[in-house]
Structures are given as C-alpha cells and as structure tokens.
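This briefing goes through the packing of one protein chain. Please look over the sequence and the structure before reading the points below.

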Amino acid sequence: MRHAFGFVLGVLLTPALAYGAAWGYVQALQSFDGARQEITDSTRMYGAFALLAAVGLVTGVIIVARWASPLVSLIPSLVLLGLSAYFLVDPGAVLDLPGKVPPAGDLDLGIRTLMGSGIYAMLGFALLMPTWAPRRWSSDREGDDEDAEVFYSAAR
C-alpha cells in the first residue's frame with residue numbers, strides 16, 4: 001500500500017515540481033533588470049523566490065523522508081532524466097513539447113530554459129539518490145522503532 005501511495009504521489013509531484021520551478025524562474029526573471037542590476041518588481045520577486053523555495057523544500061523532504069516510498073522520488077526522477085536525455089538526442093522535439101501541453105505562455109519559456117540549462121537533469125539526479133537506499137524499499141520498520149527509542153532515551 002505504501003508503494004501504491006508513493007506511485008500516485010510521485011505522479012502528482014512530477015508536474016508540480018517541473019511547473020513550479022519553471023514558473024518561479026520566469027517570474028524571478030521578469031522582476032529583475034540585469035542591465036541596471038535592480039529589482040523592478042519586488043512583490044513579484046518575493047513571490048518567485050517563495051515558489052522556488054517551496055519547490056526546494058518539497059524536493060528536500062522527498063529526498064530526506066525515510067518513511068516515504070522511494071517511488072515518490074523515482075517517478076519524477078525518471079521523467080526529468082528521461083526528458084533531459086531526450087533533449088540531448090533531439091533538442092528541437094523536446095523544446096516543442098511545452099507548447100503542446102497546457103498552460104501555454106511564460107511557463108513554456110521557463111520549461112525550455114530549465115530543460116536547456118540542465119537544471120531538470122540536476123533535479124532528476126538529486127531525486128534519484130534516495131531510491132538507491134535499500135532501507136526505503138523494505139516494509140520492515142523495526143529499525144525505525146529502535147532509532148526512535150535511542151533518540152528518546154538520549155533526550156532524557
């Protein structure tokens with residue numbers, strides 16, 4: 001049951017991470033003037049940084065959470081790495097994909113930029129790391145109880 005829930009959560013998190021990072025990037029880009037080296041819209045910049053921080057926080061929780069099924073991180077990882085590998089083989093085809101998937105507009109620029117810069121590949125590799133831990137695949141939680149007992153006895 002844990003892996004079924006992890007699979008569903010991984011499928012739902014894939015577009016959330018990809019779109020969240022792309023949207024935050026575009027909003028940050030539009031609120032900063034690099035030539036004058038100033039923030040042109042501070043409200044938009046704060047919102048963009050908050051969104052990027054939320055994407056980073058969710059990614060970090062997925063990577064660190066020992067209770068989570070490894071499928072939570074494996075599904076987004078495989079999608080992001082697959083798209084990045086496909087980009088290296090046929091960049092034109094991959095860069096046309098955002099225009100075919102709603103919503104269109106500024107989000108397409110963000111997805112294309114993050115894909116072309118390798119940010120999605122980096123995020124995919126970071127999400128792939130927790131799947132290599134054999135402990136995350138097992139359903140045996142006796143070690144967790146022992147760890148908790150040691151923690152609570154040390155806290156006293």
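The model is a predicted one. Its largest nonpolar core holds 20 residues, and α1, α2, α3, α5 and α6 each supply at least two residues of this core. The largest share of the core, 5 residues, comes from α1.

**Nonpolar core**

- Within the core, A22, I62, Y120 and L127 touch the most other members.
- A22 is in contact with L107, G110, I111, L114 and Y120, leaving aside its neighbours within four places in sequence.
- One of these partners, Y120, is also among the buried residues of helix α6.
- In soluble globular proteins, nonpolar side chains tend to be buried together.

**Helix α6**

- Helix α6 spans residues 119–128, and its buried residues are Y120, A121, L123, G124, L127 and L128.
- Seen down the axis of α6, these buried residues fall within an arc of 165°, so they line one face of the helix.
- An α-helix has 3.6 residues a turn, so residues three or four places apart point the same way.

**S77 in helix α3**

- S77 lies in helix α3 and counts as buried, at 0% relative accessibility.
- Leaving aside neighbours within four places in sequence, S77 is in contact with G124, L127 and L128.

**A48 in helix α2**

- A48 has its place in helix α2 and is buried, because its relative accessible area is 2% and the cut-off for buried is under 20%.
- Not counting residues up to four places away in sequence, A48 touches G24, Q27 and A28.
- The C-alpha atoms of A48 and A28 are separated by 5.3 Å, although the two residues are 20 residues apart along the chain.

**Surface patch**

- F7, V8, V11 and L12 make a nonpolar surface patch of about 370 Å².
- Of these residues, V8 has its place in helix α1.
- V8 is partly exposed, with a relative accessible area of 47%.

Conventions. Residues are numbered from 1 along each chain as its sequence is written. This is a predicted model: local features need pLDDT of at least 70, side-chain atom pairs count only at pLDDT 80 or more; totals for chains, interfaces and linings use all residues. Side-chain values use heavy atoms; hydrogens and water are left out. Buried means under 20% relative accessible area, exposed over 50%, partly exposed in between (1.4 Å probe, protein chains only). Helices (H or I, at least four residues) and strands (E, at least two) are DSSP runs, numbered from the N terminus. The arc is that of the directions from the helix axis to the C-beta atoms. Patches are made of residues with over 30% relative accessible area and no salt bridge: like charges are joined within 9 Å, nonpolar side chains (Val, Leu, Ile, Met, Phe, Trp, Tyr) within 5 Å. Accessible areas come from the Shrake-Rupley method with a 1.4 Å probe; for residues, only the protein chains shown count as cover. A salt bridge is a side-chain nitrogen of Lys or Arg within 4 Å of a carboxyl oxygen of Asp or Glu. Contact means heavy atoms within 4.5 Å. A nonpolar core is a set of buried Ala, Val, Leu, Ile, Met, Phe, Trp, Tyr and Cys residues joined through side-chain atoms within 4.5 Å.
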